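User: I'm new to this structure and would like to learn how to read it. Could you walk me through a few features?

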Amino acid sequence: MKRFAGLLAALVAFALTLTPAAHAQSTTTELIPGTQVRLTMVDGLSTSVAHDGDPFTAVVAEPVFAGNTIILPAGAKVHGNVSHVDRPKFFSMFRGGAAMNINFTSVEVASRIFPARMSILALYSGTTDASKQRKDLKTVEGVVVEPNRDVKSVVEDVTIGTAGGSLVGVIFSRVARGTVLGLIGGGAYVVAKKGKDVELPAETGILVRMDTTVSLPSSLIHSATSNGAE
């Protein structure tokens, strides 16, 4: 009997030594690099008024799961800033449009902020539904947003020599509307009639990819899920 009691006590002590480790493993959830998150812009951004350093906020549009466990609740805030703005250049050859470099800097859950880095994968009009994906804008290196024009590639694909006037009509038929095409010294040039600003209005949908690991307390996720993300 004493031997049984001693064995039972040893088992209990061993179980207690394991409990803290198991508890520690369950106290955090992680957003790992490569995780995709769907966001909605709270306020709009435009190169017509934005300045370097301007902050912006987006909210998580759909909860992010790992299996059946929520690791980022819908409604959580994502903060960022505008790091650089290029204004439209009204008569710049090939480069008449604007560009805006935006950085995502942190995730906020239940009023607590965690540093985070993200890259843009796609932009949408009012929703992250694939049918609403914006084709007029493109991203470069994940964060630079600029008008999506095919004018430059069209002209560079065709070399116009001294007898290139016969090709003008062919090229012009392929160039986007709102541009002027002509010849200078036998070379083609395309000038946008009007500079084009980058516009990301409120409710713009953004699909982003996590570029860094973000560890969030599980208790915080549970609280935000129960009460609504703050």
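Analyst: Let's begin with confidence: pLDDT is the predictor's confidence in each residue, from 0 to 100. Over residues 157-165 it stays under 50, and the model has twelve contacts there beyond four places in sequence, a contact being heavy atoms within 4.5 Å. This is a predicted model, where local features need pLDDT of at least 70, side-chain atom pairs count only at pLDDT 80 or more, and totals for chains, interfaces and linings use all residues. Residues are numbered from 1 along each chain as its sequence is written, and side-chain values use heavy atoms, leaving out hydrogens and water.

User: What does the protein chain average in pLDDT?

Analyst: The average is 76, and 61% of the residues score at least 70.

User: How do I read a pair of aromatic rings?

Analyst: Such a pair is described by the distance of the centres and the angle of the planes. Rings of Phe, Tyr and Trp (its six-membered ring) pair if their centres lie within 6.5 Å; planes under 30 degrees apart are stacked, over 60 edge-to-face, the rest tilted. This structure holds one aromatic pair. The ring centres of F56 and F104 are 5.6 Å apart with planes at 85°, so the pair is edge-to-face.

User: Are F56 and F104 buried or exposed?

Analyst: Buried means under 20% relative accessible area, exposed over 50%, and partly exposed in between (1.4 Å probe, protein chains only). F56 has 4% relative accessibility, so it counts as buried; F104, at 0%, is buried too. Among the residues that F104 touches, not counting those up to four places away in sequence, are L39, V78 and I206.
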